[in-house]
Amino acid sequence: MYHVEGLRQPDIAARLHVTQSKVSRLLKEAVGLGVVRTVVVTPPGVFAELEYALRERYGLRDVVIAGTQSDDDASVLGAIGAAGAAYVESTLLPGDRIGISSRSVSLLAVVEAMAPVPARSAEVVVQILGAIGNPAVQVQATRLTDRLAELTGAEPVYLVAPGVVASLEVRDGLLADPYISQAVAAWEDLTTVLVGVGSMSTSPQRLSSGPAFPPVDLETLAAGGAVGDVCLNFFDRDGEPVHTGLHDRVIGISADLLRRVPRRIGVGGGPLKVDAIRGAIRGGWIDVLVTDQHTARRLLA
């Protein structure tokens, strides 16, 4: 009567001349005996089981998987941009202090897909890595910070500095600038960071953004086993930091500060980024992953 005919419990009780509590008890007993079973049919484009498997395998806080028709760069970028936007919009809190990286086409896709939030959903948005690449791409750093702050009603804090400089002395000199030191100080109490996961593999996006640093640096990193980076903090397949002279020339959030942030959302996908994403998870560089279903299956394989 309840499951097949769709009758309400009070109507069943009246028809059978029993109490409603007895009807409720019998329905629960039917579930316990296996007479009644609940079957959840996952709609197309939803990957609940895959998300659960990734969370369990890697001990992640959360996983968001976007559906794509193929795993080419354009399809993946569009899908994870939309999925990341929905996740960020729905999980931000008014007191959140957000750090955002500057060099990531994935993050740009997320921010461009976001809709303005009616009420203030964050306190500040802080740039956590200096601008990198050719001048056209460097504009992206300010654009990301500014647009996310606008969408969430937060105050933007810019890091007006290059991401990589010539020497340790140059870096220290820039860090003494009051405007730059203001941004650096804001890194201490971030509650969420939104970062891309960089890969050492050459991709069209990396080529289009121009060289971040000389080839000799890339060769040194590769020789040290680096597979990827988060905010130019490079790591190997197990997520362990790879230290080179480049580390002293980067103006960006440090490894220790980054991994102390309570929620670290990493966005990325595609076949070239599998090793980098796995390393980022293993090393605790991210604890929330937004990716596509093809990358998710490769991470589990």
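In this predicted model, three strands form an open sheet in the order β6-β7-β8, with antiparallel pairing; strands are DSSP runs of E with at least two residues, helices are runs of H or I with at least four, and both are numbered from the N terminus. Two strands are taken to pair if DSSP finds at least two bridges between them. β6 (198-199) and β8 stand at the edges with a single partner strand each, so one side of each has no neighbour in the sheet. Strand β7 (residues 228-230) is joined to β8 by three bridges, and the two run antiparallel. Within β8, F234 stands opposite D229. Helix α12 packs on the sheet and touches β6, β7 and β8, where contact means heavy atoms within 4.5 Å. The direction of α12 makes about 100° with that of β8; axes are lines fitted to C-alpha atoms, for helices over the stretch in contact, and angles run from 0 to 180 degrees between N-to-C directions.

The structure holds one aromatic pair. The ring centres of F235 and W285 are 5.7 Å apart and their planes lie at 25°, so the pair is stacked; rings of Phe, Tyr and Trp (its six-membered ring) pair if their centres lie within 6.5 Å, and planes under 30 degrees apart count as stacked, over 60 as edge-to-face and the rest as tilted. Because F235 lies in strand β8 (residues 233-235) and W285 in the loop between α12 (274-282) and β10 (288-292), the pair ties together parts that are 50 residues apart in sequence. Both F235 and W285 are buried (under 20% relative accessible area, with exposed over 50% and partly exposed in between; 1.4 Å probe, protein chains only).

Residues are numbered from 1 along each chain as its sequence is written, and side-chain values use heavy atoms, with hydrogens and water left out. As the model is predicted, local features need pLDDT of at least 70 and side-chain atom pairs count only at pLDDT 80 or more, whereas totals for chains, interfaces and linings use all residues.
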